[in-house]
Amino acid sequence: MRILVGITGGIAAYKSANIIRLLTEAGHDVKVLPTQNALKFIGSATLEALSHNSIDPDLYTQVADVKHIKLAQEADLVIVAPATAAFLARYAQGLADDLLTNVLMATEAKVVIAPAMHTAMWDHPATVQNIQTLTNRGVFVLNPESGRLTGSDTGIGRMVEPEDIVRRALIFAKDVQQLAGKQIVIAAGGTREAIDEVRFIGNHSSGKQGIALAQAALDRGAEVTFIAANIDLEIPAVQKLIRVASVSDLEQALHLAFESADAIIMPAAVSDYRLANPIIGKLHRAENPDLDLHLTANPDLLSELSAKRASSVRPVLVGFAAEVANESESESLEIRARKKLENKGVDAVVANWVSRGVVFGQDDTDVLIVSSGSTISATGSKYDVANSILNSIHTLLES
Ligand code: CTP
């Protein structure tokens with residue numbers, strides 16, 4: 001792909017070198033267009049060496065070539081990173097006063113921008129309005145993240161990391177914004193059922209697959225509601241985040257989200273049992289040399305959701321099955337997944353083995369995505385697998 005990387009004058013400009021390197025390494029033809037101010041933060045020698053192309057940010061050189069139109073027409077994708085508050089204002093107003101803004105006004109390529117600035121500037125009504133204007137025009141804005149800023153303070157304003165910019169921009173360019181406007185609900189993590197006021201029945205689920213699903217759904221333009229059951233990891237900037245602890249909390253959150261959901265994906269490890277009567281206060285060993293805890297079954301949440309949608313095909317329901325391989329049972333993973341598909345009345349089941357050396361909390365996974373019409377195997381990072389799951393959901397949503 002022919003990619004034009006615009007760089008504007010902010011301290012995060014030094015990170016743009018990495019964006020260029022990642023794009024050229026992936027085989028793209030990269031041209032770099034820094035503003036004059038960007039060159040105060042990063043040298044043109046660095047940019048030329050990494051892009052293998054010469055740099056000339058001056059609007060008034062090689063005028064006979066009509067440089068701004070040539071650059072605009074030769075790009076399949078434009079990435080501006082970092083995008084400063086001043087650049088956003090000029091771009092939103094159509095103020096073409098340098099080569100980069102001229103190119104942006106003339107190009108028909110897709111445009112991705114990664115703003116970076118102090119929190120106060122990001123929150124300023126002028127910036128908020130400029131971002132809104134650009135978003136409405138179809139520019140893909142990678143909202144800055146929270147973290148350490150240039151000074152001693154922290155807050156929202158840090159540019160998205162180069163690896164993420166490249167990944168998300170390439171997905172956007174390939175037009176896989178196929179979930180734009182879709183409401184995707186993801187319930188992830190592991191529930192906890194109180195034994196007493198300090199102890200609980202829990203499980204090993206880390207929430208990583210759910211987090212990868214949330215990121216992949218956001219990358220495809222979906223509106224994501226993320227229901228997090230006891231997740232300690234950082235959660236992507238979803239549109240709605242609901243934190244829950246027990247199965248009853250999760251049940252309530254799911255039923256609320258159900259109404260507007262196009263799809264509900266349930267990697268959450270849900271406790272099948274809870275204490276019939278959780279103990280008030282704290283259990284003491286001395287008072288209970290022997291202890292019997294009476295457990296009662298929790299409802300099957302997916303089955304409830306499936307019953308609720310009755311004969312409707314919305315929302316699409318996707319369950320997970322973490323299966324333990326048992327010496328005495330020779331049933332294949334696919335057969336087990338198909339049984340869950342039927343029993344729970346869902347549209348797809350993502351199944352994997354959790355024994356056979358595979359443990360919770362890993363970064364890679366190996367699953368079967370089983371739906372009524374197909375069985376797809378997906379292996380790799382949880383983000384890659386999330387994309388395979390979303391491909392299946394997209395097919396279900398289209399059918
Ligand atoms: N699930 C649910 N409600 C429960 C338990 C599980 O909705 N009470 C969901 C999980 O979020 C997951 C799927 O059902 O998406 C499968 O969970 P699993 O524990 O494998 O299924 P169970 O029905 O509990 O079957 P098993 O007897 O194999 O544990």
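Predicted model: local features only at pLDDT ≥ 70, side-chain atom pairs only at ≥ 80, totals over all residues.
Residues are numbered from 1 along each chain as its sequence is written, and side-chain values use heavy atoms, with hydrogens and water left out.

Let me start with the overall layout. The chain is divided into domain 1, residues 2-175, and domain 2, residues 183-398, with bounds that come from an automatic or database domain assignment. The C-alpha centres of these two domains lie 39 Å apart, and the C-alpha trace of the chain spans about 85 × 50 × 40 Å along its principal axes. There are 13 helices and 19 strands, taken as DSSP runs (H or I, at least four residues, for helices; E, at least two, for strands) and numbered from the N terminus. Of the 399 residues, 48% are buried, where buried means under 20% relative accessible area with a 1.4 Å probe, protein chains only.

Helix α8 covers residues 162-173 and reaches 16 Å from its first C-alpha to its last, close to the 16 Å expected at 1.5 Å a residue, the expected span being 1.5 Å times one less than the number of residues. Nine of the 12 residues of α8 are buried, so this helix is largely enclosed by the rest of the structure; among the buried ones are Ile165, Arg168 and Phe172.

Now to the other sheet, an open one of eight strands with mixed pairing, in the order β12-β11-β8-β13-β16-β17-β18-β19. Its edge strands, β12 (240-244) and β19 (375-381), each have a single partner strand, so one side of each is left without a neighbour in the sheet. Neighbouring strands here are turned by 20 degrees against each other on average, direction ignored. Strands β8 (residues 183-189) and β13 (residues 263-266) pair in the parallel sense over three bridges, and isoleucine 184 stands opposite alanine 263 in β13.

Two helices lie across strands of this sheet. Helix α9 (residues 208-219) lies across β8, β11, β13, β16 and β18, running at about 170 degrees to β11, whereas α11 (residues 301-309) lies across β13 and β16, at about 160 degrees to β16. These angles run from 0 to 180 degrees between N-to-C directions, with axes fitted to C-alpha atoms, for helices over the stretch in contact, and contact means heavy atoms within 4.5 Å.

Finally, the cores. A nonpolar core is a set of buried Ala, Val, Leu, Ile, Met, Phe, Trp, Tyr and Cys residues joined through side-chain atoms within 4.5 Å. The largest has 35 residues, and those with the most contacts inside it include Ile186, Phe226 and Ile393. Elements giving two or more residues to this core include β8, α9, β11 and α13 (382-398). Apart from it lies another core of 31 residues, among them Ile3, Ala12, Phe140 and Ile165.

Notes
Buried < 20%, exposed > 50% of the residue type's maximum accessible area, 1.4 Å probe, protein only. Pairing = 2+ DSSP bridges.
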